[in-house]
Amino acid sequence: MLRLKAICPFSWRVFHFRPFSCEPLISQMEKCKDEEQVFDLIEKNKAVLSEEQVGCAFNTLWQFQKQKTSLLKNIECIRDHPQFLTLYNLTVNKMEFMNDDNLVNVLYITRQFDIQVLSKFSSCLVDQHLYFSPLMGKIADIVNRNLETIQDLRSLSVLMVSISSLTSQRFQEQLVNKTERLFDTIDSSQVNIARRIVQFLRNIKYSYYPLLERCNKMFLSNMNNLDLESISKILSLYHSLQFHSFEFVLMAKKRLTEMIPLFDHPASFVKLFVALGPMAGPEEKTQLESTILLMSEELTGQQALAVMGAMEEMETRDSRLIKKIASILHKNLDNYKPIELLKISQALTCLHFQSKELFVRLRELLLSYLKISVKPSEISVLVSAISMLPSPHLDEAGISRIEAVLPQCDLNDLNSFATSVLRWIQYGHVYLDNTTGKQLKLLQKLDHYGHQRLQKYNNLNLLWEELRSLKGDWFAESLLEDTIATLQCLMDQINYINVAGIASFISRSNYLNTLLLDKIASVVLQQIEKIHPFSIFSIILPFSILNYDPPQRDEFFGTCIQHLNPYLCILDPLMLVFLGFYLAIHEYFPEDLIKTIFNIKFLGRLDSQLELLCSSLSTRVQVRLMELNRAVCLECPEYQIPWFHDRFCQQHYNKDTGSLNGAQQQIYKMLAEVLGGMNCVKASVLTPYYHTIDFECILDKRKKPLPYGSHNTTLGKMPEMHWEPNTPRVGSRLPPGTERIALEFLDLRAFCKNVPHLKGKSAMKKRHLEILGYRVIQIPHFEWNSMVLSTKGARLDYLRECIFGDGKS
C-alpha cells in the first residue's frame, strides 16, 4: 500500500478522525450535469475536500468526457480550467493518504488530460522515493503505450528520469530514439531538459554519444548562466558515463574558479570544493584547501565525507587538512552507511593516513554491520572495507556470512570477495598468520560459484553488465578463460550497441581469441553507420594491443578512420593522442590524424587539458605522445614531423634506475662468457629516440665481438646514451660489415595471456630497433625457463645460436 503511516503518523490520525460529511458532497458530484458544476463544487469546498472526494471529482470529470464523441471532447478546456489546477494540487497534497485503487484511478484520468500532469505526478512519487512502486510501474506502462503521441520533451524528460529503474532495454532504446526526434523542438536555453536527458542516460548506464553531444553543446552555449549546482551535477553525470568533454571541463573550471570568492557558507563551498578540486591547478588547489580548513569546524559528517572523496582525487598532501577531516569523519562514524564506510576506508588508505583509534572504531562498525547484513552487495562492500584496514582478517562468523550469500552473488560481488580474500592472504604471509587455509577454501568456493554463474548466461547484454567493470587477479586467473568461452558462444549477439564494450573488455583481458576479434571486425564493417565515431578508439584497441590482423585488415582500419575523420577537430585531445599511438602500434599512420595531432593549435589544447588531469594520468599522456612522435619519425619520415621530446625523455629517464632483474643479470653474465668478456656487452642501453634495450653487442664483419673499452654500463647504474639522439641509423657510425645486435628478454607482459603471441608494443619496438640498424634478438621467458634450457651449458649454446647462428663462438 502507498499510505505512509509510519512517516506521517500525525496526519494519519487527523485523517481517521475526520467527520463523515463527505458522503453528501460525493452524492452531489455524482448528480452533476456537466464539468462546470463539478468545478463549482471544488471551488466551494476546496478547503475541506477529502482524498475520496478528490478521487470522485476526477472520476466524474472523466465520465463526462467518455460520454462525448471525439469532436465534442473538450479536454484542453478542462485541463486549462483554474479549478483543475486546484484539483491537481489537492491530489498531490493528499496522495500519501490514498489507497492504491484510488491512486491508480486518479493517475489514469490525469494522464488522459495532460502528459504534463503525469510527469508532475511521477515527480511526486520520486520525492517519496517510490521508484519501484506499483504506481511508478503504471506510469511506465502508460508512457510505453503512448510514447508515439508524446510531443512535449520537457514532460517526457521528467518521466524518463522517474521511470528509468523500470524500463527494459527495448523501451530504453525507444525513449532514446524519441528524445532524439524531439530534441530540435526545444529552445537552446532549456538546459534543465538536457540535464534530465543526461541523467536518464546515467540511470540506464548508456553512454549514447549522439544525445550526449547535443546536450553538451547546449550546456556550453549556456555556461555563463549555469550555477554551481548545475555545473556540479553535470560533471558528476559525465564522470559516471565516462563521457569526456574537454571544452566543458575547461569552461567549467574557469567558471568555478571565478566562484571561489563568492561562497563563504560550508554547504556551498563544499560543493565547489568537490567540483573544482580534482581539476584545479596548484594555485586554486592551495586556495581551496586553505579555505576548507578554515571552515572545517562547521562541516557536517556528510560534508566531510564529500571533501575527503575530493581530496583523494586531488591527491592531497596537506597533512593538517587530512588530519582535520579524518577527525570529523571519526566523530560521525556511527552515522555512515556501509558504502560510505568503504569510501572512508579507501580515501584514508589512498591518503596514507594512520590512526589506530580511528581504524579500530571503523573495524568495529564494519563488523557490527556485517553481523546483521543479508544483502550480497552490502556484505561485499563491508568485507572490502575491512580488508583495507590493518588486521583485515575475518573470524569464522564473518567467513560464514560470506559463504551464506555466495549462491546469490553476481560476478561483481564474487570478484569483490575474492579481491578481499587475496588481500588477507597477502597480509597473512607478511605476518605469518595461520588462517590462510580457510581463505584458500573460500577462494575455491568463489571459483565454483563464478563458473556456475557464467554457465547460466544466454544473453550477451546481461553478461556485459557484469563484465564492464570487472578486473583484478582473481578474475584474470580463475574466470577469464570461461568468460571468453561464454562470449564466444554468445558472439552472434554482438551488435553496434555493445561492440565497443566487448572490444574494450578483450583489451583489458590480454586474451587472444581470433573468432571474437573477427566477429568484432565483421560487425564494424557491416554496421559502421550506426556506430558512433567516439567508440572507434575502444574498437581498435584490442587489435593493436594483441597484435592481431582481422581477415580484412586494410578495409577494417580504413573504414574506422574514414568514419572518424570528420570528428578529428572536436575529439577530446587526450583520446586523440591515445588513438594515434595505438594505431601506430599496428603500423597504421593515417595522415589526417597524424597532422591533426602534430599541430601547434592541437598541442596547445592538449597542454590546457593536461593541467586538468592528475599527475599520473598527465604523465601517461605525455609518454604516449612521445612514443607516437618517435613512431612517426622512424616509420613515416615523409610526414616531416620533427622530434621534439629530447628534454622530456631526459627528465623521464633520469628517474629510471635502469637496474636489471634476476633473469637479466643471469643472461648478462652468460653473454659476457659467450662474447669473451664484460667489455663486449652493454646492459641497459638507451638508443636514439630513447628506446631502452636490455643488452647490446657489436660483431665485426667476421662475426667477432668488438669490445666497448672502459665505457660499459655498470649493473644497477643509470643507463647512458652514447649516440646523438637524432642519429637516423645506429649502424652509420660503424665500419662496413659491422652489425649492432640488441638482445631483449621478454617476460610475461610481452605476450598474450593464453598463447605465446607477441603483443603490439613489443612488436613495434622490434620494428623501431631494426629501422635504427639493429639486428634484434628476442629471448622469450618461456624458452629461457624451459626444461630444454635447464642447464647452464644449454643456455650458453642457446645464446651462441642466437648471436652467431652456428652454435659456436
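What does the accessible surface of the chain come to, and what percentage of it belongs to carbon and sulfur atoms? The accessible surface is about 38,600 Å², with 51% belonging to carbon and sulfur atoms. Accessible areas come from the Shrake-Rupley method with a 1.4 Å probe, and for residues only the protein chains shown count as cover.

## Basis

This is a predicted model, in which local features need pLDDT of at least 70 and side-chain atom pairs count only at pLDDT 80 or more, while totals for chains, interfaces and linings use all residues. Residues are numbered from 1 along each chain as its sequence is written, and side-chain values use heavy atoms, with hydrogens and water left out.

## Overall fold

The chain has 40 helices and 4 strands; helices (H or I, at least four residues) and strands (E, at least two) are DSSP runs, numbered from the N terminus. Of its 809 residues, 53% count as buried. Buried means under 20% relative accessible area, exposed over 50%, and partly exposed in between (1.4 Å probe, protein chains only).

Among contacts with a separation of 6 or more, 74% are between residues 24 or more positions apart. A contact means heavy atoms within 4.5 Å.

## Salt bridges

The structure holds 29 salt bridges, each a side-chain nitrogen of Lys or Arg within 4 Å of a carboxyl oxygen of Asp or Glu. One of them joins Asp184 and Arg214 at 2.6 Å, N to O. Asp184 lies in the loop between helix H11 (169–182) and helix H12 (191–203) and Arg214 in helix H13 (residues 209–221), so the pair ties together parts that are 30 residues apart in sequence. Asp184 is exposed at 64% relative accessibility, whereas Arg214 is partly exposed at 24%.

Asp334 and Arg361 also form a salt bridge (2.6 Å, N to O). Asp334 is in the loop between helix H19 (319–331) and helix H20 (338–350) and Arg361 is in helix H21 (residues 356–372), so this pair ties together parts 27 residues apart in sequence. Asp334, Arg361 and Glu364 are linked in a network of salt bridges.

Within helix H40 (residues 792–804), Arg800 and Asp797 lie 3 residues apart, about one turn of the helix. Their salt bridge has its closest N and O atoms 3.0 Å apart.

## Positive phi angles

Asn510 is not a glycine, yet has a positive phi of about 60 degrees. Asn510 is in the loop between helix H28 (499–509) and helix H29 (514–527).

Glu587, also not a glycine, has a positive phi of about 60 degrees. Glu587 sits in the loop between helix H32 (573–585) and helix H33 (591–597), and is partly exposed at 47% relative accessible area.
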